[in-house]
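Here are my notes on the model you sent over.

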Amino acid sequence: MSCAAAVAAADFELPALNSPPSGEHHAGKMVWADLVTPNLAAAEKFYGTLFGWTFQSTRAGNSDYAVAMLDGRPIAGMLEKAIPSGGRHQSAWLTFLAASDVDSVKKTALAHGAKLLAGDRSYPMRGQQCVLSDPEGAVFALLASSSGDPPDYLPVAGEWIWTSLHAKDAGAEAAFYQQLFSYDVFEAPSDDGLEHLILSSDNYARASANDLERDSAHRHSHWLNFVRVNSAVETAAKVRALGGRVLVEPRPDRQGGMLAVVADPAGAPFGLMEWSDSDSKEEPK
Amino acid sequence: MNTRNRLRVGIFGAMTLALLSACAVTGVGVEGSVGYDGGYYEPSGYDYGGWGVGYRVGPSRCCEHRDDHHDHPVNRGHAGRAPAYHPAPAGRSAPSIPGRSRSH
């Protein structure tokens with residue numbers, strides 16, 4: 001009997017990503033994020049104040065879990081879990097990438113150097129998911145949403161807008177994820193001598209893959225998710241006031257758009273990204 | 001406890017141990033449990049900041065704030081190396097994120 005089968009009959013439900021179902025599938029799109037934190041109440045207070053998220057709490061088996069909502073839509077999950085004993089660990093956001101067939105994509109990932117961290121599990125409303133680490137150790141999850149993937153709209157302020165992968169060899173990592181999601185991969189211009197790539201599907205940019213800085217002894221491969229904000233400067237200041245930290249001060253990114261990287265009071269890093277309605281450049285399909 | 005009962009207890013214990021072992025994922029992973037396993041603690045002690053000047057990670061944007069004069073990807077591979085990935089066809093520029101709002 002597999003572990004997945006043994007725990008399939010979970011005594012809790014997670015909400016659908018889309019209500020009503022979208023009927024859409026967008027391979028490789030970031031469709032969800034889960035925060036693991038030792039203090040759920042503190043996390044709710046922080047993110048609720050920062051982004052106006054509201055929360056629906058549930059008891060997820062032996063864990064407390066809250067679904068973050070914005071404008072009536074579920075956009076993220078927060079799981080309270082004790083910090084593992086032994087070693088040093090910190091709170092983190094887990095990035096979920098859309099897959100129409102988790103088992104198939106998982107097998108491809110494992111065949112190309114990934115490791116399985118948590119096997120397939122099905123939640124009737126949510127869908128099927130598993131957690132993997134890629135060949136460089138960056139942790140991510142696959143999700144085949146029961147209600148389809150969120151449609152391709154421009155996120156509003158307070159929603160996830162972007163995700164970036166930071167790796168020792170962005171090119172090799174892009175090749176790995178291309179195997180999984182058939183991404184189109186574009187080299188993005190840079191002035192820092194490092195490799196920066198844009199990963200797209202359905203003719204929309206879904207993520208970037210970026211070389212870690214060369215003095216990377218204290219860096220490890222990871223995914224970083226960005227929330228759309230109206231002002232990176234003001235939001236970063238608010239993060240500080242709420243007990244978080246600013247890891248990358250607000251700065252211009254491509255074409256002058258502002259972004260910052262911050263950490264919540266428990267240390268979970270995430271990004272802030274400004275985006276104006278006219279910044280998107282729609283391409284003919 | 002007679003021999004039959006001891007045998008039953010032993011079998012039950014072995015099956016429980018086997019199930020728990022099956023749920024323990026190897027490597028640095030999340031342990032299987034009856035709880036939700038979507039959360040994952042990252043190792044601490046790493047630097048998530050310290051980005052250098054010119055370290056740009058976002059999607060390309062449309063024209064209004066353009067400060068790049070070379071924003072068309074060339075897909076030559078990094079530093080002249082053949083890329084490990086299959087590059088998008090030459091001549092195609094990187095798309096941006098969706099621009100359609102929900103109200104439309």
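**Notes on the two chains**

1. Start where the chains pair up, keeping in mind that this is a predicted model. A:Gln90 has B:Glu42 as its bridge partner in E1(B).

2. Now zoom out to the whole contact between the chains. On the chain B side 65 residues take part, and they touch 85 residues of chain A. Helix H1 (3–23) and strand E1 (42–43) of chain B each put at least two residues into that side. H1(B) gives the most, with 3 residues. Sorted by class, the side of chain B that touches chain A has 29 nonpolar, 23 polar and 13 charged residues.

3. A word on chain B by itself. You'll find 1 helix and 1 strand in it. Of its 104 residues, 27% count as buried.

4. Over in chain A, look for the open sheet of 8 strands. Its order is E2-E3-E4-E1-E6-E9-E8-E7, and the pairing is mixed. E2 (54–60) and E7 (115–123) of chain A are the edge strands, each pairing on one side only. On average, neighbouring strands in this sheet are turned by 25° against each other, direction ignored.

5. E7(A) pairs with strand E8 of chain A (residues 127–133) in the antiparallel sense, over 6 bridges. Helix H3 of chain A (residues 102–111) lies across E7, E8 and strand E9 (139–145) of that chain, running at about 10° to E8(A).

6. Next, strand E12 of chain A (residues 196–201). Is it mostly covered or mostly open? Mostly covered: 5 of its 6 residues are buried. E12(A) has antiparallel pairings with strand E11 of chain A (residues 184–188), through 5 bridges, and with strand E13 of chain A (residues 204–211), over 6 bridges.

7. In E12(A), A:Ser200 stands opposite A:Asp184, and its bridge partner in E13(A) is A:Ala205.

8. Last, the turn between E12(A) and E13(A). This hairpin has 2 residues between the strands, and A:Asp202 takes a positive phi there, near 55°.

How values were computed
Residues are numbered from 1 along each chain as its sequence is written. Chains are lettered from A and ligands numbered from 1 in the order in which they are written. This is a predicted model: local features need pLDDT of at least 70, side-chain atom pairs count only at pLDDT 80 or more; totals for chains, interfaces and linings use all residues. A residue is buried if 20 or more other C-beta atoms lie within 10 Å of its own, exposed if 12 or fewer, and partly exposed in between; C-beta atoms are placed from the backbone. Helices (H or I, at least four residues) and strands (E, at least two) are DSSP runs, numbered from the N terminus. Two strands pair if DSSP finds at least two bridges between them. Two residues are in contact if their C-beta atoms, placed from the backbone, lie within 7 Å. Ala, Val, Leu, Ile, Met, Phe, Trp, Tyr, Cys and Pro count as nonpolar, Asp, Glu, Lys and Arg as charged, and the others, Gly among them, as polar. Axes are lines fitted to C-alpha atoms, for helices over the stretch in contact, and angles run from 0 to 180 degrees between N-to-C directions.
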